[in-house]
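Subject: Structure handover

Hello,

Here is the structure for you to look through. My notes on its salt bridges follow.

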Amino acid sequence: MSVAFLCPGQGAQRPGFLHRLPRHAEVDRTLAEASRILGREALDWDTAQALHSTAAVQLSIVIAGVATARALRALDVEPRAVAGLSVGAFTAAVICGALDFADAMELVRLRGELMHAAYPRSYGMGVVTGLAERDVRQLVERASTAEAPVYLSGVNSPVQLVIAGAELGIERCFRLARESGAHSLARLAVSVPSHCPLLAEVSQALAARLATVPLASPAVPYVTNR
């Protein structure tokens, strides 16, 4: 049987989820390693209060993914491929050996801090289900304003689309989507407008930092987000 490790992004977190990782020596080792790198106890990152910070969310998701993968490998469960959504791309890169865990922690901390600094409040993401991409794109164009911009930021499936932007813009788009017959509308547990032009400057800063980090060839196929 072929196994792929799929690593989630923001929105998968829940308060206390690092504390609920499997009891395993590799999990303990990863938590201790992350604590040393970050200069803070890793288990402090998953409290309900801490998870209000996108930096804490992103760091804890990567820690959880790497810890779980290491525990699985200790049980002889080896992936034939890896993939990651959003910040999960860093998790996947560590798992396949392309990126050192310490470098991943520093990059993800920078990523989260830059994103939070750019949009500390009143922004986020949502999901529209039941409409086609072209329809959601038109609704986004109608809903978006200079004061409350909103963008189409992801295509999960032909009828499940992700939008990102100002909370007011998202709500306007949701209202239009509901009137257009959308099956469901949901806000994501993400406090920043990821994967849209609003984070272009953050992307550029992160790319510049990433260019200084050593990368290795992945040991197994690494599937990107697109």
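R29 is partly exposed, because its relative accessibility is 41% (buried means under 20% relative accessible area, exposed over 50%, partly exposed in between, with a 1.4 Å probe and protein chains only).

Please note that this is a predicted model, in which local features need pLDDT of at least 70, side-chain atom pairs count only at pLDDT 80 or more, and totals for chains, interfaces and linings use all residues. Residues are numbered from 1 along each chain as its sequence is written, and side-chain values use heavy atoms, with hydrogens and water left out.

R29 forms a salt bridge with E26, at 2.7 Å from N to O (a salt bridge is a side-chain nitrogen of Lys or Arg within 4 Å of a carboxyl oxygen of Asp or Glu). Both residues sit in helix α1, residues 25-38, and are three residues apart, about one turn of the helix (helices are DSSP runs of H or I, at least four residues, numbered from the N terminus).

R29 also pairs with E33 in a salt bridge of 4.0 Å, N to O. These two are four residues apart in helix α1, again about one turn.

E33 has a relative accessibility of 17%, so it counts as buried. A salt bridge joins E33 to R70 at 2.9 Å, N to O. That pair links distant parts of the chain, 37 residues apart: E33 is in helix α1 and R70 in helix α2, residues 54-74. R70 is buried, as is E33.

Taken together, salt bridges link E26, R29, E33 and R70 in a network. The search of the whole structure finds eight salt bridges.

Regards
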